[in-house]
Amino acid sequence: DVLYIDNTTVTDIIQHISEKIHDGTVPTPFFLYSMKQFYLNVGKFQNALLELAPMRSHLSYSMKANFNPFLIRKLIEQEKSIMLTTVSGFEVQLALTLGFQPSNIILNGNGKCDWEIQLAIKNGIFINVDSLFDLKQIIQIAERQLLISIEKPYKPIRLLIRVNPSIDPKVHAYNSTGLKTSKFGTSLNQLDLLYETIKDNENIVQLFGFHCHLGSTISDVQVVADCVTALIDVVEDARVRKEFKNIRYLNIGGGLNIDYLKYAQRTSKNELLHTTTPTPSEYIRCFKSLATKLTGIEIIVEPGRWLVANTCILVTSVLGYKQAPERKYIIVDAAMTECIRPALYQAYHHIDTLQPQQYVEHDRDLFDVVGPVCESGDFLGKDRYLPITLIRGQYLGIFDTGAYCATMSSNYNIRPRVAEYALDTDECVKQIRRRESLDDILKTYNLT
Ligand code: LLP
């Protein structure tokens, strides 16, 4: 039994890449995506949202999870109405270049530079206001822009306030964003300050709704229900008591986890590895009855990970094997530079050979899978139950690497950012990013 992506074995895909795209050799590591899986995921989330009908809802892809232009272009082709959540000016610029309607783009962020605010205002995209200082900055920049464009009828900026409801999403500390101690959003008791400022400047900014993102890798849907409950109170209060008439959107963020441990039993002796990961449908149902009580409100959800994480494996080659006094290591050519999640969040990514079933249990032993980077934190997996017969050049797949791997990769140790390939629905493999050369990396430095 071998590893398949859609109907093609990974081994065949590597063969194809080596013959058609390269001259017989395949430089590893590289990311390999399945477009079919990507479309399936998008379709599943869209279908789950339909359960909210007749309440209107919008799927907004969080492009920080993966901004490969090929994937995003395909996403627009697939779902014309899809929205996009961005977190930097360059993400906005790429979204506009790829053909997103400005009215479908949201700029989020707890710190925005002047040029990023200007870009958002100029294009009329939604802005998530994080705090009072953020709001004041937006208004100040808009006033300046207003002065130099008096001839145009001025359209007030559409704002959503990011609320921090102080709810624990029960995930790794670095993935929690809605705690009392988090740097994101405005706490419930400080909202009045923002309301006053918006009221005082209603010819410049208008409140279109609220936003909240509790955190990432959420598996407990009850926390999402708690968040929606808190937000409903906020919406009602703002509409009734504060008389904001344009409130139309409730953006409940992203954060739904995927089952990273799906294949774990195969390569780990740790019996505690067990997860319950809700489906998009279960996620939507957890707040449906709460949200649908609101009238005149449209729900926005902005998943990143759920749409892309399981579409990709990172293919890496074994460099060698090493037995230290206390541990056995398999050293591979991928590293924290391509997949930093284990180092940063102790995240689990399944690792296996491309012919997993060929190795029966007594052919396997416990190894740490590590990269060549000069950091003890450079590991891809610990205590993995892998074949003892692996030799240099043999391929391993690091699973579920479609989200927050390519986009978080770095040039540390002057390692190039790696190539990316996509298996399209027509069974064709396309190179969707080439590997960087030394010249690419040095291009921005002054070498003289
Ligand atoms: N909306 C906002 C405002 C966000 O900050 C994020 C992610 C999302 C939506 C999408 O969350 P998702 O559905 O992808 O979980 N590097 C970390 C994840 C950081 C997430 C940052 N914000 C990781 O690799 O686990």
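## Reading a predicted model, feature by feature

Q: Which residues of H1 are buried?

A: The buried residues of H1 are Val10, Ile13, Ile14, Ile17 and Ser18. Keep in mind that you are looking at a predicted model.

Q: Why do the buried residues of H1 line one face of the helix?

A: Start with the general idea: an α-helix has 3.6 residues a turn, so residues three or four places apart point the same way. Now the case here: looking down the axis of H1, you find its buried residues within an arc of 135°, so they line one face of the helix. On the other side of H1, Glu19 and Lys20 are exposed.

Q: How many residues does H1 have, and what does it reach from its first C-alpha to its last?

A: H1 covers residues 10–21, which makes twelve residues, and it reaches 15 Å from end to end, counted from first C-alpha to last. That is close to the 16 Å expected at 1.5 Å a residue.

Q: Which residues are buried in helix H7?

A: In H7 (residues 191–200), the buried ones are Leu191, Leu194, Tyr195, Thr197 and Ile198. Seen down the axis of H7, these buried residues fall within an arc of 165°, so they too line one face of the helix.

Q: Let's turn to the ligand. How many residues surround it, and which are the closest?

A: The ligand is surrounded by 18 residues, and the closest are Ser216, Arg305, Arg341, Tyr345 and Tyr404. Sorted by class, this shell holds four nonpolar, nine polar and five charged residues.

Q: Where does an oxygen atom of the ligand come within 2.6 Å of an N or O atom in a side chain?

A: When reading a polar contact, look for a pair of N or O atoms within 3.5 Å. At Arg341, a side-chain N or O atom is 2.6 Å from an oxygen atom of the ligand. Backbone atoms take part as well: a polar backbone atom of Arg305 is 2.7 Å from a ligand oxygen, and one of Gly304 is 2.9 Å from a ligand oxygen. Taken alone, the ligand exposes 580 Å², and the protein buries 92% of that.

Q: Is His350 buried or exposed?

A: Buried means under 20% relative accessible area. His350 has 0% relative accessibility, so it counts as buried. You will find His350 in the loop between helix H11 (341–345) and strand S15 (351–353). Its side chain reaches the backbone oxygen of Tyr263 at 3.4 Å.

Q: Is Gln346 buried or exposed?

A: Gln346 also belongs to the loop between H11 and S15. Gln346 is exposed, because its relative accessible area is 57%. Its phi is near 50°, a positive value in a residue other than glycine.

Q: Where is Asp6, and what is its phi?

A: Asp6 sits in the loop between strand S1 (4–5) and strand S2 (8–9). Its phi is positive, about 50°, although Asp6 is not a glycine. With 22% relative accessibility, Asp6 counts as partly exposed.

Q: Which residues does a cis peptide bond with omega of about -5° join?

A: For a cis peptide bond, read the omega angle. The bond with omega of about -5° joins Thr28 and Pro29, and Pro29 lies in the loop between H1 and strand S3 (30–34). The bond from Ala53 to Pro54 is cis too, with omega near 10°. Pro54 lies in the loop between helix H2 (35–50) and strand S4 (57–62).

Definitions and conventions
Residues numbered from 1 in each chain as written. Predicted model: local features only at pLDDT ≥ 70, side-chain atom pairs only at ≥ 80, totals over all residues. Heavy atoms only, no water. Helix = DSSP H or I, 4+ residues; strand = E, 2+ residues; numbered from the N terminus. Expected span 1.5 Å × (residues − 1). Buried < 20%, exposed > 50% of the residue type's maximum accessible area, 1.4 Å probe, protein only. Arc of directions from axis to C-beta. Near = heavy atom within 4 Å. Polar contact = N/O pair within 3.5 Å; in protein donor to acceptor, adjacent residues only side chain to side chain. Areas by Shrake-Rupley, 256 points an atom, 1.4 Å probe, with all protein chains shown as cover. Nonpolar A, V, L, I, M, F, W, Y, C, P; charged D, E, K, R; others polar.
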